[in-house]
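Reader: I would like to learn how to read a protein model with some care. Could you take me through the features one by one?

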Amino acid sequence: MESKKDIHAIDNIELVFLKMEDYEEIKEAMREAYSNMPEAYWKEHHINTLITKFPQGQVGIRIDDELAGCALSIIVDYNNFDDHHTYREITGAYTFDTHVPEGNILYGIEIFIKPGFRGLRLGRRLYDYRKELCEKLNLKGIIIGGRIPNYHRYSSKMSPREYIDKVRKKEIHDPVLDFQMSNDFHPVKVLQGYLEGDKESKEYAVLLQWDNVYYEKKSKSAAIKKTIVRLGLIQWQMRLYKDFEELMQQAECFVDAVSGYRADFALFPEFFNAPLMSDYNHLSEPEAIRKLAEYTEDITKRFAELAISYNINIITGSMPEIVDNNLYNVGYLCKRDGGFERFEKIHVTPDESKVWGLQGGNAIRAYDTDCGRIGVLICYDIEFPELSRILADEEMDILFVPFLTDTQNGYSRVRNCARARAIENECYVAIAGCVGNLPKVHNMDIQYAQSVVFTPCDFSFPTNGIKAEATPNTEMILIADVDIGSLRELNQFGSVRNLRDRRKELYSIKRANR
């Protein structure tokens with residue numbers, strides 16, 4: 001038996017592309033790796049075909065100029081196969097005619113390490129290269145048919161499915177399956193009759209898959225889907241305006257400012273237009289806010305125009321709106337492509353109900369934008385975690401929260417809940433509020449705010465989960481870049497995976513039937 005390589009005696013480790021002059025070394029390495037199957041090595045014409053068809057996919061590791069292991073791969077159009085294929089079928093009866101450069105899956109044909117070099121984590125290096133290649137070529141993922149070489153010892157006692165479950169629970173050790181799962185591959189199904197003559201595995205294999213979180217579906221559109229998204233938050237100073245036009249001039253000033261920094265979104269606070277109620281201070285609070293609702297349509301139209309002219313997606317904050325004589329707290333997403341969406345405040349506070357007669361809305365959904373999927377929850381709604389989890393299940397990337405709070409207590413509730421929502425739902429959460437005071441508007445006397453962009457807490461994000469935050473109680477804008485790609489990576493490889501690790505067999509959140 002070949003002795004193990006002493007790690008302290010290694011001078012050089014190099015990842016190399018295989019060449020035909022390496023063939024004899026490849027052959028000998030395979031015979032050592034599969035000593036129980038001495039004739040199970042690739043013939044010279046096989047290696048030549050692989051190198052000719054797909055040189056990037058055929059790599060080896062040299063330690064002090066000795067070939068220690070190899071990984072062989074092809075690209076297939078997986079739409080032409082199904083999850084019941086055999087090794088012979090996926091390789092085109094070992095001709096590798098199934099390799100198509102325009103395919104969508106990197107298929108692992110072979111990976112092996114010579115016994116004398118095992119324990120040095122060389123297999124992980126080869127898999128890391130495969131993952132980088134998959135990302136570089138924008139393929140959907142990597143698929144392999146993993147042997148289960150220890151299954152023959154248990155085949156009389158349990159089915160392959162039971163065996164895999166015990167391997168997953170660490171009750172049984174399988175060198176191949178343990179290795180694949182430790183490299184972030186997840187079992188998809190059991191394949192029967194996968195590799196002819198594989199007596200150790202009883203000709204069973206496990207179809208394993210690694211998903212490329214950076215994969216972008218090819219599009220015929222000229223638009224580029226952004227992964228780095230710039231947010232512009234408006235921390236709005238409450239002040240009196242002489243009329244509607246002056247208020248909208250101030251709003252446009254902020255839109256101009258954040259678009260000047262090439263922001264993709266502008267977020268206004270809840271009830272930023274409340275100063276317009278000053279003309280109706282002689283009326284009761286319910287009457288005054290219904291007069292304010294008369295401006296909502298015009299404000300929305302103006303924001304829709306600004307979104308197009310300044311090339312920015314605008315979340316209008318929120319405004320009162322009357323529908324069938326019921327008063328709601330609503331807002332609009334005005335997209336820079338001309339489209340728009342309406343969102344509603346689902347939960348109204350006791351004060352909003354008692355003083356103004358506001359009703360809770362019913363619409364909960366995520367919205368598609370040119371910068372990913374977003375959600376909007378108005379102020380109090382962020383304190384109900386079920387809402388953001390529903391949006392997360394709709395693949396929300398960024399959650400926007402326009403808010404209005406009068407005390408630090410109220411602000412702390414919004415802030416702390418928003419921070420938790422970012423962690424729970426693996427998303428970014430941006431909150432923007434109003435500051436200052438309105439002495440001539442009933443029920444709107446004082447405001448307290450500090451606008452913030454929250455992130456999950458993991459290695460790719462700030463350690464405290466805060467991307468950026470404004471100066472408290474000061475009129476200003478806050479600009480922050482967020483990386484959507486980091487969310488994809490977090491979902492797959494995070495230190496903890498809140499969305500993937502949910503025990504859905506024990507609990508669930510679902511919409512009520514209406």
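Author: Let us begin with a convention for sorting side chains: Ala, Val, Leu, Ile, Met, Phe, Trp, Tyr, Cys and Pro count as nonpolar, Asp, Glu, Lys and Arg as charged, and the others, Gly among them, as polar. Please keep in mind throughout that this is a predicted model.

Reader: How many residues of the lining of the largest pocket are nonpolar, polar and charged?

Author: The general idea is that rolling a probe the size of a water molecule over the atoms shows where empty space is left. Here the largest pocket has a volume of about 1,400 Å³, and its lining of 50 residues divides into 24 nonpolar, 13 polar and 13 charged. Nearest the centre of this pocket lie Tyr 34, Glu 110, Ile 111, Phe 112 and Arg 147.

Reader: Which helices and strands each supply at least two residues of that lining?

Author: They are helix 1 (23-33), strand 4 (105-113), helix 4 (122-136), strand 5 (141-147) and helix 6 (175-182).

Reader: What should I look at in helix 4, and how far does it reach from its first C-alpha to its last?

Author: In general, an α-helix has 3.6 residues a turn, so residues three or four places apart point the same way. Helix 4, with 15 residues, reaches 21 Å, which is close to the 21 Å expected at 1.5 Å a residue. Its buried residues include Leu 122, Leu 126, Tyr 129, Arg 130 and Leu 133, and just after the helix Asn 138 takes a positive phi of about 55 degrees.

Reader: Which residues have the most contacts inside the largest nonpolar core?

Author: That core has 53 residues, and those with the most contacts inside it are Leu 231, Ile 398 and Phe 400; strand 18 (residues 428-437) gives the most to it, with six residues. Another core, of 45 residues, lies apart from it and has Leu 247, Ile 312, Met 319 and Val 441 among its members.

Reader: Is Asn 273 buried or exposed, and is Glu 395 buried or exposed?

Author: The step needs two cut-offs, since buried means under 20% relative accessible area and exposed means over 50%. Asn 273, in the loop between strand 9 (265-267) and helix 8 (285-293), has a relative accessible area of 0% and is therefore buried; among the residues it touches are Leu 247, Leu 292 and Met 319. Glu 395, in the loop between helix 11 (385-393) and strand 17 (398-403), counts as exposed because its relative accessibility is 60%.

Methods:
Residues numbered from 1 in each chain as written. Predicted model: local features only at pLDDT ≥ 70, side-chain atom pairs only at ≥ 80, totals over all residues. Heavy atoms only, no water. 1 Å grid on protein atoms, 1.4 Å probe; cavity = no way out; pocket = protein on both sides within 12 Å on 5 of 7 lines; lining within 4 Å. Points joined across faces, edges and corners; volume = space filled by probe spheres on them. Helix = DSSP H or I, 4+ residues; strand = E, 2+ residues; numbered from the N terminus. Core = buried A, V, L, I, M, F, W, Y, C linked by side-chain atoms within 4.5 Å. Buried < 20%, exposed > 50% of the residue type's maximum accessible area, 1.4 Å probe, protein only. Contact = heavy atoms within 4.5 Å. Expected span 1.5 Å × (residues − 1).
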